[in-house]
Amino acid sequence: QLDLLWTRKQNVMYNLFDWPTQKHSKLIILAIANTMDLPERIMMNRVASRLVCPTVRFSLDTFGQRFRCVLHLCLICFLSIDKTCHVYFQVAALSGDARRCLDICRRATEICEFASQKRTPDIVRMAHITEAIDEMFSSPYINAIRNASLHEQIFLKAILAEFRRAGVEEATVQQVYHQHVALCRIEGLQSPAVSEIMAVCSRLGACRLLLVESSWKYLHMRVRLNISQDDVMYALKDE
């Protein structure tokens, strides 16, 4: 997931793409990113020059394409079409991430196998899928977000907004603060002071919902989510 390897000096990405270019190297690097123009958007010339093959773009923009992709893969788990449809629509209501569908199907299969050890062999049933979905969307992190204060929830929304704007899953507190102020204006709320935002960021970091850099950088601290964006969206969907 190339988006997550971005750093200010881009040393990580440079070294990664430099390894295959070394003499006698037998290493092949396949980098994946959700952002279509990631090389053009964030890569320095020295990093981009390490790319020795053109970018391959996979288009899964339509419902039918995404569903066929998930269906073919989920049938490997011996799930019927109606059960696969159930999983797909549950996840599609939140996001278009096929990986989440596969995780649920995998977990449902594990639950079925565990239950079969205690009695006669069984097939994956809707009850197993429902249990897997409940597990997926009832983690302690999601409950922590739902019980967070108003400005803590807005701060998380601001992080998502900044990630979408920049196309990179990392941002400075200052960048998130600008998004936070904009969201407060939309909601008709009074914007918090910078000191309050820093306290909010610190609390979310203490809960391990965020990964936060050293505090001495203050507004230039970089923050990242410690959970998936889908989980944040799911936890805040009723807010």
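**Helix packing and buried residues: a dialogue**

Guide: The protein's secondary structure comes to 12 helices and three strands. Helices are DSSP runs of H or I with at least four residues, strands are E runs of at least two, and numbering starts at the N terminus. This is a predicted model: local features need pLDDT of at least 70, side-chain atom pairs count only at pLDDT 80 or more, and totals for chains, interfaces and linings use all residues. Residues are numbered from 1 along each chain as its sequence is written, and side-chain values use heavy atoms, with hydrogens and water left out.

Visitor: Why does E162 count as buried?

Guide: Buried means under 20% relative accessible area, exposed over 50%, and partly exposed in between (1.4 Å probe, protein chains only). E162 has 2% relative accessibility, so E162 counts as buried. E162 lies in helix 9, residues 150–166.

Visitor: What does E162 touch, not counting residues up to four places away in sequence?

Guide: E162 touches A171, Q175 and Q179. Contact means heavy atoms within 4.5 Å.

Visitor: Why is H180 called buried?

Guide: Its relative accessibility is 0%, so H180 counts as buried. H180 is found in helix 10. Leaving aside neighbours within four places in sequence, H180 is in contact with H151, I154, F155, A158, P192 and I197.

Visitor: How many of the protein's residues count as buried?

Guide: Of the 239 residues, 38% count as buried. The protein exposes about 14,400 Å², and carbon and sulfur atoms supply 56% of that area. Areas come from the Shrake-Rupley method with a 1.4 Å probe; for residues, only the protein chains shown count as cover.

Visitor: What makes helix 10 and helix 11 roughly perpendicular?

Guide: The axes of helix 10 (residues 173–187) and helix 11 (residues 194–206) cross at roughly 110° and come within 11 Å. Axes are lines fitted to C-alpha atoms, for helices over the stretch in contact, and angles run from 0 to 180 degrees between N-to-C directions. Under 35 degrees counts as roughly parallel, over 145 as roughly antiparallel, 65 to 115 as roughly perpendicular, and the rest as oblique. Helix 10 and helix 11 are therefore roughly perpendicular to each other.

Visitor: Which residues make the contact between helix 10 and helix 11?

Guide: Helix 10 supplies V173, Y177 and H180, and helix 11 supplies V194, I197, M198 and C201. They divide into six nonpolar, one polar and no charged. Ala, Val, Leu, Ile, Met, Phe, Trp, Tyr, Cys and Pro count as nonpolar, Asp, Glu, Lys and Arg as charged, and the others, Gly among them, as polar.

Visitor: At what angle do helix 9 and helix 10 pack?

Guide: The angle is about 115°, with the axes 8 Å apart. Residues in this contact include E162 and H151 from helix 9 and H180 and L183 from helix 10. By class, the contact of helix 9 with helix 10 has eight nonpolar, four polar and three charged residues.

Visitor: What makes H24 exposed?

Guide: H24 has a relative accessible area of 69%, so H24 is exposed. H24 is found in the loop between helix 1 (11–18) and helix 2 (38–42). Phi of H24 is near 65°, a positive value in a residue other than glycine.

Visitor: Why is R208 called partly exposed?

Guide: R208 has a relative accessible area of 44%, so R208 is partly exposed. R208 sits in the loop between helix 11 and strand 2 (210–212). Phi of R208 is near 65°, a positive value in a residue other than glycine.
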